[in-house]
Structure formats: C-alpha cells, structure tokens
Amino acid sequence: MRLTVAPSVWAVRVVGILGLLLGLLGGVPEGYTPSVAVVAVVLLGGVLAAFRPDDLAASLAMGVVVVFWAVQLDTQVPVGCLVAAAGLVTAHVAGTLLTYGPPFMAIPGDLLVLWVVRGFLVWLAAPVIWLVARVYADHATPTSFWLAGLATALAGAVLAALVVRPTAESDR
Amino acid sequence: MSEGPSRWHTTGSLARALAVGGFGVGVALTVGRPAVVVLVGPLLVAGSLGLLRKPTREPRALAHLSHVQLYEGQGTRSRLETEGTDDAEFITRVMGQQPYLALHPLGGAVLSRTDDLQPIEISPRRWGGRLVGTEKVAMTSAWAGYRWGPVPLPGREMFVLPTVTRIRSGGEAPQPIGLIGAHRSRREGGGTEFSSIRAFHSGDRLKRINWRVSLRQGTLHVESTRAEEDTAVLLIVDAMADYGVSEGVDAAESSLDVTVRAAAAIADQYLGGGDRVSLRVLSPGGEYAGYGTGTRHLRRILTLLARIRPGVPRDVSIEQIDFRATAGAVVVVISPMLSEALAIATVRLVRRGLPVIVVDPLPPGSTPNVHPDSAIQVAGLAWRMRLLDRSHLLAQLSAAGCPVVPWNGPRTLEEVLRRLARRSQLPRVVG
C-alpha cells in the first residue's frame, strides 16, 4: 500500500514556509523591503525545511532572515520586529511539529494546540525585549551591549553546565 | 525489549533554536543591532526550556500483541509497555510495512502522550507466515529538546491460519469404512436410516419387529437399518506453483489461496463430522499430517497449510510419493492439474478403487507470474498452450472416473459425493 502525506502535515509545511516569509517581510509596511533574491533564497530554504525539518536548511533560512534585519536596521527597533519574531517562532514550531513522526502520520490536534500555546508564550519574550530596547534606546551604548551580551553568555554557560552534568552521571 | 545502548540525543529543533538564537545574539553584539535580539529572543527561550527539560532516566519499551494466533482477516492489538518515561512527553510508534498486513491508524504510525498510550491495530489479510508487530519507538522530551530512539522493537513470527467457513455439509462418503460416524454405510447395522424389512434372525432386537408385516406374513419380520460409520479423507494439496494475483481475504484470490482455503474448509467440514482427515502437501516443505480427528487435529492441519511455500517438492518425485490412502478413504486432490505427474498419480488412486475427486482451484483469467524480461506475447502463447494441455488432462481424468469440480465454497463436494455414493451402491460386474 502506498502511503501518502497526511493533510495536516501539508498544512504545517505550508505554515512553516509562510512563517519564514513573514519573518522576512514583516517590516515591509515600515519600508524594510528585501530584494527578490533574498526572498527567493528564504523561500527555497523554507521549502527544503518543510520536507527535511531536521536538516540545516531551516537554520540557514532563519539565519538569512536575521542577517537581512541586521543589515536593514541600525539601532532602531521597529514594530515590524515583533511580526518578524512571530514569523520565526511560527517557522520553528512548524519545523518541530514535523519531526514528531513520519510524513504519513497525521499531527494530532492536542500536539498542535500544545505547540501553538508554547509558540505564543515564547513569542511573548519578543515584546518584552522590544519594550526594554525601546526604553533604553537613547541610553544604550556599544559598551552596555557588550556587558549585556557577556552576562547573557555567562548565564547561558552556567545553565548549560547545570543541565549537562546530570546526563554525564546517568550515562555511566 | 528495547535493544542496544540507546541514549537521549538533542533534536534538530533544539539545535536550530540555539544556533539561530546564538547567531542572532552574536550579530546583535558585534554590529550593535538591538532589534535582532527581539527577533531571536523567543527562539533562545524555546531552546533554553528544551535544555532545562533534559531527561535523566533511560526509558524502556516493550511491545506485545493481544493474540498469538490469528486467522486471516482477524485483528489484534499491539500495546506498548513502558518504564522510566517520566522525562518523556510524547511517544511515537511506527510499525513496519509488511505485505498482507493492514494497520490502523493508517501506516501503523501513532503519536500519543506517555500517560495515554494508543494501541496499533493489526489485521493479517492473507494466510501464511507473517512478521507481525515490528516497529520503531521514539520518545520526545518536553519542549522537544531531546529524543530517545527511534529504537527498533522486534516483531513476532506468526503463522496466520486460513479462514474457515463453518458450514456442515450434507455430502455423504461413498465407501465409509470406520467405527462410529455420520455416514451411511453399505452394510446393515445399528443406524437410524431404513434399509429393508427382512425375516427375523436370532439376535435381532425385539423393538425392531415390524408387527404389521409380521401379522400379514405369518412370521416375524424386522426393520433393518444401515450402519453409520465414519470415513477417512485424504487431502492432497498441490502447492507446486501459485497462479494469479492474491490481494488477501475478501479480495482477488490466487490459485494457492483457493487451494489452501478449500483444504481448510474440507478439513473443517469432515473433522467437524467426526471423520478422520489426513493432509499431504506437494511443496518443497512436504507438509504432512496423518489421519486424525478432533479440533486439535484441525488446528494442526491449518497450521501446516499456513506454512506452505509454493515450489516443486525437493528430493522426491511425485511418482514416488506414498499418499497413504487407506481403504474406503475419500481422496480429494486440490490442484490446477498443470502437472502431468500428479494427474498420473491421481489416476493410479482411482484405479485402486478409491473415490477420488479433483478440486480445480485455478481462478478464471489467472495468469502465471512471468519474468519481466520475457516477451509478453510468447509468454501469453505458452500459457494458452498450457491451458489447452490442462483441459485435455482434466478430460482424461473425468474419463477415468475421477470427477473434476471447480472450487465453489464449502458445498462444492456435496453433489459430487452423492453421485459417487450412488455409483458405489450400483451392482458391479466382477470379472
């Protein structure tokens, strides 16, 4: 018997591609318009990611979106960033949903709802950062960026060490 | 049980969240772009949550089937028993695709929460050996940061029994020679079916006296009855080749499908009536069951039928096979009669005075499996010539006193057996 791709999988694939495009085109109303070539590259990456969600294609496509925004913006933090962040989260969630099983397996409704809620909750980090960035827009300096970055990296390293250590013990 | 030193490993989702998030933060710090942090902040949060839910326990998974023996068309459930799944959030099960094995949900893939595991329903659609329940299991931690597996779980080798339609036939055995059974014997004895009214002999039961005739004749007369005996049935199953397409139970049947199901139905019919049944399969495996009775013997015959693999018998030619047909046994040869050697062996059984019936299992319009490189026209012509030979062979068998009937369900043999029984009761000229 020939197994066909479940309709829910097709839907999530499309949503993932649209999420990436939303991440790229979220700033169009404010004048941040990407070139056709960039759109094509992201679209290609999105299509590849839709069919091979565990591969590097999705990360590269998201990386292109991040670079586009880094090139387009200076120190300003437009509202379009929130839309773009929502697009990237959508693409990430779609990619995650696609890795739970083979393409012919329908994505259950409870899993879908769970990840929509999770996606929304993590997206809430974007408006928080956006607000902080807006408030400190006139006060922040390159030095303060570096200090914040170092603090984040340090916190990340401590977190990673805490998480990794119990695994090493359990493997023995 | 799960095999090998399986470990939890990071998912592509976690790697993506951390890679893109880290890259974005790096770009933001390097070139001073706070907006980029807004973009990648949610991904970093998702990745961090995935990291925080890193599993610490190694789970175990064991699948088991609800039934160890199935008839074709029946269904069973494969359930998963797990241990140490506290760190897992979802379990994905994907069952291996096998021919003639229907799975539900479609494709045998099911995703469920660890506290609400869903079974996979399996239904074998054709008799024979099937590897049932081979699957891969994967577990995913919360926030999809880590995945365990996919770990392969072994299935169970199961011999799916041919389906049996339980219809009690009214067909009688032509020459029953046995002890106690349901078939009307040619000799008189203590049965229920009327035979004749004859003069009283010493030893006759008084309750058998027919008073009306006795008064009319002036001497005692009794009603005699026919003895009722069991019979022996020898099933000769030709599994030397399989012609036609098999699509499983309740669908298109190949010649071997018809053969096996007919043999199962006949064995069930006679064993259910208390008769003795023997099975001889002409195949490389040479499956054989001696004469026996009862449900255990039926199960043995069905299991042997399920083990059949088509092919020419090894080490022995058909002419040399001793079919062990006992006196009075009904011989049923289920064969498309495309082997001249088997036709000769059948005629030899007829000449021994045994009632022999040939059941033709070849479905109409069936064709052999032709090698892809063969010329289709030549193959078609060869098959037509083969069918002509076959029809000639079948005509010769009929002329030799061996009825040939196409299989048409469990009642196929009834009319033929009645005719054979009538023929056996006719007076014969003994030279």
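This is a predicted model: local features need pLDDT of at least 70, side-chain atom pairs count only at pLDDT 80 or more; totals for chains, interfaces and linings use all residues.
## A strand pairing in chain B

Start with B:H9: its opposite number in strand 10 of chain B is B:R147.

If you want a place to look, find B:E135, whose bridge partner in strand 10 of chain B is B:L153. Strands 9 and 10 of chain B make a hairpin with four residues between the strands, and there B:W143 takes a positive phi near 65 degrees.

## The open sheet

Further along chain B, six strands line up as an open sheet in the order 16-15-14-17-18-19, with mixed pairing. Which strands stand at the edges? They're strand 16 (288–292) and strand 19 (404–406) of chain B; each has a single partner strand, so one side of each has no neighbour in the sheet. On average, neighbouring strands here are turned by 20 degrees against each other, direction ignored.

Inside this sheet, strand 17 (residues 330–334) and strand 18 (residues 356–360) of chain B pair in the parallel sense over four bridges. For instance, B:V333 has B:V358 in strand 18 of chain B as its bridge partner. Helix 6 (residues 340–351) of chain B packs on the sheet, where it touches strand 14 (232–238), strand 15 (276–282), strand 17 and strand 18 of chain B. The direction of helix 6 of chain B makes about 150 degrees with that of strand 18 of chain B.

## How chain B is divided

Chain B splits into domain 1 (1–160), domain 2 (183–229) and domain 3 (232–425). Between domain 1 and domain 3 of chain B, the C-alpha centres lie 48 Å apart. Still, the two do meet: 10 residues of domain 1 of chain B are in contact with nine residues of domain 3 of chain B.

On the domain 1 side of that meeting point, strand 8 (128–132) and strand 11 (156–160) of chain B each supply at least two residues. By class, this side of domain 1 of chain B has four nonpolar, three polar and three charged residues.

Take the contacts in chain A between residues at least 6 apart in sequence, and 75% of them join residues at least 24 apart.

## Where the chains meet

The contact between the chains takes 52 residues from chain A and 43 residues from chain B. On the chain A side, helices 3 (57–72), 4 (80–98), 5 (109–123), 6 (125–135) and 7 (142–171) of chain A each give two or more residues. Helix 7 of chain A has the largest share, with 12 residues. Sorted by class, the side of chain A that touches chain B has 37 nonpolar, 13 polar and two charged residues.

## The nonpolar core

Nonpolar side chains tend to be buried together in soluble globular proteins. In this model, the largest nonpolar core has 146 residues, and those with the most contacts inside it are A:V65, B:V38, B:L39, B:L235, B:A263 and B:A267. Leaving out residues up to four places away in sequence, B:A267 touches B:L235, B:V277, B:L279, B:L298 and B:I301.

Technical notes:
Residues are numbered from 1 along each chain as its sequence is written. Chains are lettered from A and ligands numbered from 1 in the order in which they are written. Two residues are in contact if their C-beta atoms, placed from the backbone, lie within 7 Å. Ala, Val, Leu, Ile, Met, Phe, Trp, Tyr, Cys and Pro count as nonpolar, Asp, Glu, Lys and Arg as charged, and the others, Gly among them, as polar. Two strands pair if DSSP finds at least two bridges between them. Axes are lines fitted to C-alpha atoms, for helices over the stretch in contact, and angles run from 0 to 180 degrees between N-to-C directions. A nonpolar core is a set of buried Ala, Val, Leu, Ile, Met, Phe, Trp, Tyr and Cys residues joined through C-beta atoms within 7 Å. A residue is buried if 20 or more other C-beta atoms lie within 10 Å of its own, exposed if 12 or fewer, and partly exposed in between; C-beta atoms are placed from the backbone. Domain bounds come from an automatic or database domain assignment.
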